[in-house]
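Reader: I have a new model on my screen and would like to learn how to read it. Could you take me through it step by step?

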Amino acid sequence: MSTHSTTSSNKAVGDHFRWARYSTKERVARSLGYLVVGVLLYWSLSTVDVFWPWVWDAPAQIGDMMFRMFPVSFVQLNPILFALVESINIAVLGTIVAVFMALPIAYLGAQTVTPSKLTLWLARFIIVATRSVDTLIWALVFVAIIGPGPVAGILAIAFRSIGFLSKLLAEAIEEIDWGPVEAMQAAGASRAHVITYAIVPQVVPSFWAITILRWDINIRESTVLGLVGAGGIGLIFQGAIDMFRWNTVSLVLIVIVLVVFAGELVTGVVRRKLM
Amino acid sequence: MLQITDLVKSYNNGEPVLKGLNLATDERRLTAIIGSSGAGKSTLLRCINRLVTADSGRIELDGINILELHGKRLQDTRRQIGMIFQAYNLVDRLTVMENVLSGRLGYVGTLRGVLRRFPQSDIDRAYALLKRVGLSQYVNTRCDSLSGGERQRVGVARALMQNPRILLADEPTASLDPKTSERIMELISRITDELDLPVLINLHNVPQARDYADRIVGLRYGVIVFDGGPQDLTDDWLEKIYAGHEDDLKKQMKVAGEDGANE
């Protein structure tokens with residue numbers, strides 16, 4: 001494209017060079033591109049059926065809400081902290097359950113070690129399937145199956161995490177140095193031995209880094225699970241909104257931000273230790 | 001003991017790397033295999049312990065055709081064949097002891113191996129071997145903190161841990177500086193002599209082959225063109241083995257001549 005534009009627009013006319021950043025053809029193409037984006041924008045806005053008075057009203061509503069949110073009410077501090085601990089525990093347990101389920105899937109999903117094409121595709125299917133369903137949807141499913149409560153939350157977090165963990169772990173397995181694997185095979189080691197001596201030690205650092213990263217994500221995700229009845233701080237959050245206790249809502253939000261921030265600090269420290 | 005008959009191997013249906021190779025090892029002898037890169041030296045060794053699968057032919061160890069084995073029986077035969085690698089192929093994040101004991105995995109059950117509960121006799125043997133190769137002070141050191149020469153010593157100890165019938169060494173000194181390379185060759189040659197262990201060793205370095213080998217096999221494009229004692233390996237023969245790869249040969253002769261140049 002660029003060579004084309006230099007030949008077409010850098011013509012010498014008398015003592016002057018005529019120069020343009022784009023050739024005529026490029027200019028037309030770009031204008032058409034803008035037009036298409038504009039049409040798409042108009043079309044999407046027209047289908048979502050925005051009620052404009054409410055949109056124009058938003059600044060006033062925000063002011064009103066702020067007025068109702070502050071000062072923060074600490075009346076519900078104890079139940080909020082209990083629910084918070086529950087949220088964190090849901091994240092931790094969900095991550096642990098996910099890790100145990102992800103390990104075999106990662107092994108089957110790593111091209112270099114998977115026993116057959118069939119197992120590879122099976123693992124890939126599981127990875128894609130669990131990743132494409134959002135945590136809240138998983139939570140709805142598990143609330144329907146085993147009833148509301150933290151167990152549904154743990155399973156939702158776990159199922160959402162399997163794909164993520166397996167995919168990254170499978171990539172870590174594919175990147176190992178193959179030499180030790182050959183050395184173990186040459187010594188007559190069985191498959192289980194090859195895994196524990198040649199593969200596991202090489203993926204341990206990645207394993208911890210990936211698990212910590214997912215745990216960090218799960219802390220955030222666990223805070224909203226209560227919205228669909230899957231336990232944790234989200235339950236109090238929704239209750240407070242439903243009862244228009246805005247000064248409690250604000251406390252919940254502040255606590256969530258603090259926890260996420262703390263999680264960030266912890267993962268940062270652990271990651272530095274792993275390096 | 002080890003008898004190779006009509007061994008053929010090609011990669012991806014290309015030109016065969018080994019073209020009907022025949023070779024029998026002698027007991028208690030160090031056999032060096034020399035030849036330019038691409039002559040099939042590595043392929044030959046890796047066919048013997050089935051790290052690559054040969055197309056046709058026979059490789060018999062004490063009368064058992066290795067090429068026909070599967071599963072448990074293959075593992076049982078592999079543990080009788082020790083191997084030393086050019087890149088050491090140690091597990092960096094495991095300790096020296098764990099790496100040496102891993103040579104014993106063909107003998108211990110799955111659970112014992114996984115839990116690292118090796119029999120006391122294996123641990124004693126590992127200590128003895130580490131002492132013999134001069135690494136007893138590093139028993140619990142992780143392998144990634146060792147130097148190249150030390151790593152290859154661990155590699156030697158791991159291979160001998162198998163209590164093998166035969167030892168294969170695939171350019172064990174090619175990644176090392178000349179001085180360390182000499183030391184490792186000396187170690188391999190002495191220790192296998194002590195243990196009465198036959199060795200098949202791929203060497204890039206012709207003077208080393210002359211110094212340490214009892215028998216030299218010259219490989220050229222998958223065919224054995226020379227087979228004799230080191231005294232028989234005249235410069236004429238070398239030229240035949242390395243014809244078309246004279247630069248390769250010159251470089252290798254120089255390495256030993258100057259004894260300070262790097263590979």
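Author: Happy to; we will go through confidence, domains, overall size, a sheet and the chain contact. Keep in mind throughout that this is a predicted model.

Reader: Then let us begin with confidence. Which elements of chain A have the lowest and the highest mean pLDDT?

Author: Start with the average, then look at single elements. Chain A averages a pLDDT of 88, and 95% of the residues score at least 70. Among its elements, helix α1(A), residues 2–9, has the lowest mean, 47, while α8(A) has the highest, 95. The pLDDT is below 50 over residues 1–8 of chain A, a stretch with 5 contacts in the model beyond near neighbours in sequence.

Reader: How is chain A divided into domains?

Author: For domains, look at the bounds and then at the spacing. The assignment for chain A gives domain 1 as residues 2–51 and domain 2 as residues 77–274. The centres of these two domains, taken over C-alpha atoms, are separated by 46 Å.

Reader: Turning to chain B, what does its radius of gyration tell me?

Author: The idea is to compare the value with that of a globule. A compact globule of 263 residues would have a radius of gyration near 18 Å, and chain B agrees because its value is 18 Å. The C-alpha trace of chain B spans about 55 × 45 × 35 Å along its principal axes. Its secondary structure comprises 10 helices and 10 strands.

Reader: Lastly, how many residues of chain A are in contact with chain B?

Author: 19 residues of chain A contact 22 residues of chain B. On the chain A side, α8(A) (179–186) and α9(A) (191–222) each supply at least two residues, and α9(A) gives the largest share, 8 residues. That side divides into 11 nonpolar, 7 polar and 1 charged.

Key. Residues numbered from 1 in each chain as written. Chains lettered and ligands numbered in written order. Predicted model: local features only at pLDDT ≥ 70, side-chain atom pairs only at ≥ 80, totals over all residues. Domains from an automatic or database assignment. Contact = placed C-beta atoms within 7 Å. Helix = DSSP H or I, 4+ residues; strand = E, 2+ residues; numbered from the N terminus. Nonpolar A, V, L, I, M, F, W, Y, C, P; charged D, E, K, R; others polar. pLDDT = per-residue confidence, 0-100. Rg over C-alpha atoms; globule rule 2.2 N^0.38 Å.
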